Amino acid sequence: MKLGEFIAQKGYKDNPRRLVEDLIHMVFLLLGLVAVGSVLVITIYLVVSGLPAIFKIGPIEFLFGTRWASTASEPAFGILPFILTSIYGTAGAIIIGVPIGFFAAVFLAKMAPKKVREVMELCIGVLAGIPSVVYGLVGMTILVPGIRILFGVPDGATLFAAIIVLAVMILPSVINVSLSALEAVPREYEEASLALGATSTETYFRVTVPAAKSGIFTAIVLGIGRAIGEAMAIMMVAGNVANMPSLFKSVRFLTTAVASEMSYSSGLQRQALFSIALVLFLFIMIINAILNVLKTSGGEKK
Amino acid sequence: MKKILMIMLVAAFAMTAVFATGASEESATVSTDGSTSMEKVILSLAEQYMADNPGVNVTYNPTGSGTGITAALEGRCDIGLASRALKDNEVASGLAQTIVALDGIAIIVNADNPVSDLTIDQIYGLYTGEISNWSEVGGADAPVVPIGREAGSGTRDGFESITGTEDICKYSQELTSTGAVITAVSQNPGAIGYASLASNLDSVKTVTVEGVAPSEETVKSGEYKIQRPFVFATLAETPLSEAAQAFFDYCTSTDAASIIAGAGAVPVAE
């Protein structure tokens with residue numbers, strides 16, 4: 001098609017604003033494609049570079065092997081310790097972080113005086129903005145020696161230290177998402193409950209919280225996503241030894257397994273690190289899928 | 001609009017073509033292959049050398065000392081890199097070795113630890129878990145917390161190969177940098193760690209090994225035991241290519257000493 005015909009067909013000559021409009025649409029489309037393209041590139045790259053080592057090592061041996069010794073003379077590439085550590089660590093962070101975050105959200109949404117709420121929200125905002133390396137640094141210099149002294153263990157760089165750091169790190173997202181879920185509950189529900197003679201505490205826990213259920217689940221899943229993907233902070237507090245997880249033992253997560261050995265790795269070791277990344281990626285995908293299901297099921301109710 | 005797009009695309013292609021051809025010149029390549037522990041040293045040397053001699057390209061293939069030696073023997077690279085002395089059979093098979101640098105590794109403990117001297121056997125015991133309490137080596141009654149580097153680290157490889165603890169160290173922490181090891185040791189009264197001699201060890205206590213304190217002098221003289229040579233392995237009979245010989249000469253000259261020291265090793269050139 002000739003350019004002239006094209007312009008005539010689109011009617012740009014009579015209506016230059018239409019040209020601008022269309023151009024801007026195209027620019028936005030391109031910018032949108034940057035995100036889509038990145039996801040595609042990362043996914044394809046991870047699959048292509050992660051799969052060979054899994055098959056070379058053997059999927060069962062790789063996923064369920066309990067020994068990781070990547071540079072030993074007889075190398076072993078079992079990542080079960082990392083998978084379990086990631087699961088335990090995340091579960092621990094959720095068990096500690098979610099109740100704290102959830103009750104904080106209930107307090108902020110329903111009970112806090114305006115001034116207190118403002119100050120607390122400001123603090124939560126700051127907490128969310130702290131870079132993970134700072135969490136790691138504080139954990140390393142305060143938490144790790146603290147755990148050693150408090151619990152009388154030889155070394156404080158343990159799974160427990162990582163759980164505490166992760167629990168604090170997921171607080172802001174848990175609080176913020178629960179908070180908006182609680183606030184989205186229609187005032188009438190609560191008023192009806194109060195009118196029937198329920199106390200305000202009864203109302204919050206029997207009426208408001210069940211009504212905000214799906215939002216609170218979303219908060220938990222977001223917390224899981226944040227915790228399982230964190231690397232920097234826990235690399236500084238967890239000790240990074242490929243032990244099977246135990247609360248007061250040095251452990252290595254899926255994320256830290258990739259991060260700690262990447263710089264000097266070569267050959268099968270490097271390929272295996274990509275395979276670990278692929279496993280981690282699958283975990284994150286599953287969490288995202290759960291999140292999407294929760295979001296759509298939450299939306300249907302309205 | 002399509003026209004404009006086309007013109008821009010053509011212009012972009014033309015620009016890249018111009019820049020791409022601008023860089024290509026007739027160049028000689030020096031290939032090195034081997035020890036991952038020598039990565040820092042060889043890359044710093046190569047960087048400086050390539051800056052001084054445009055047109056020469058020094059490549060480095062991080063494979064491991066054994067592979068590097070084989071590659072040199074089979075002529076697959078100009079210079080094989082080994083972070084250990086060549087074995088007799090390797091020399092017999094026609095390789096020559098030149099020590100370019102020495103790698104000294106300091107053993108560090110917490111500043112409050114009364115232990116100030118350890119033997120290699122004791123270090124072996126402390127790291128393998130055979131000695132689990134400091135009182136067994138004359139220290140306080142405190143559990144031993146062995147701290148090391150991540151798998152693949154040159155310092156770890158060096159430490160383990162010198163002390164004979166390959167694959168049997170029972171680490172309490174595996175950290176990814178020298179700084180992290182030093183920080184961890186400085187915070188835990190029962191910790192023991194190792195770090196390159198070139199690092200800043202002010203916050204911890206450096207123990208003497210079999211009575212010798214680590215320093216550039218004691219490493220050079222061979223008195224300090226926890227050290228290993230960084231070796232260039234070349235074919236004894238076949239001369240190197242002109243470019244490779246020039247690079248080889250540069251690395252073994254005193255000019256390279258400060259670069260080797262900067263990369264954390266002890267230069268041997270006088």
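A residue is buried if 20 or more other C-beta atoms lie within 10 Å of its own, exposed if 12 or fewer, and partly exposed in between, with C-beta atoms placed from the backbone. Helices here are DSSP runs of H or I with at least four residues, strands are runs of E with at least two, and both are numbered from the N terminus.

This is a predicted model, in which local features need pLDDT of at least 70, side-chain atom pairs count only at pLDDT 80 or more, and totals for chains, interfaces and linings use all residues. Residues are numbered from 1 along each chain as its sequence is written, while chains are lettered from A and ligands numbered from 1 in the order in which they are written.

**Helices of chain A**

Just after α1(A) comes G11(A), with a positive phi of about 70 degrees. Helix α5 of chain A covers residues 114-129. Its 16 residues reach 23 Å from first C-alpha to last, close to the expected 22 Å. The expected span is 1.5 Å times one less than the number of residues. α5(A) is hardly covered too: one of its 16 residues is buried.

**A helix pair**

Two packed helices are described by the angle between their axes and the distance between the axes. The axes of α4 (residues 80-111) and α10 (residues 213-229) of chain A come within 9 Å and cross at roughly 140 degrees. That makes α4(A) oblique to α10(A). Angles under 35 degrees count as roughly parallel, over 145 as roughly antiparallel, 65 to 115 as roughly perpendicular, and the rest as oblique. Axes are lines fitted to C-alpha atoms, for helices over the stretch in contact, and angles run from 0 to 180 degrees between N-to-C directions.

Which residues make the contact? From α4(A) they include S86(A), G89(A) and F102(A), and from α10(A) they include I216(A), G223(A) and I228(A). Two residues are in contact if their C-beta atoms, placed from the backbone, lie within 7 Å. The residues of this contact divide into nine nonpolar, five polar and no charged. Ala, Val, Leu, Ile, Met, Phe, Trp, Tyr, Cys and Pro count as nonpolar, Asp, Glu, Lys and Arg as charged, and the others, Gly among them, as polar.

**Two residues of chain A**

V153(A) lies in the loop between α6 and α7 of chain A, and T208(A) is found in helix α9, residues 200-211. V153(A) is partly exposed, because 18 other C-beta atoms lie within 10 Å. T208(A) counts as buried, because it has 22 C-beta neighbours inside 10 Å. Leaving aside neighbours up to four places away in sequence, V153(A) touches I147(A), R148(A), T158(A) and F248(A). On those terms, the contacts of T208(A) include K110(A), L182(A) and E190(A).

| Pair | Apart in sequence | Apart in space, C-alpha to C-alpha |
|---|---|---|
| V153(A) and R18(A) | 135 residues | 71 Å |
| T208(A) and R187(A) | 21 residues | 9.1 Å |

**Chain B and the interface**

Chain B has 10 helices and 12 strands. Its C-alpha trace spans about 80 × 60 × 30 Å along its principal axes. Of its 270 residues, 45% count as buried.

The contact takes 24 residues from chain A and 23 from chain B. On the side of chain A, the elements that give two or more residues are α6 (132-151) and α12 (254-261). The largest share, four residues, comes from α6(A). By class, this side has 11 nonpolar, 10 polar and three charged residues.
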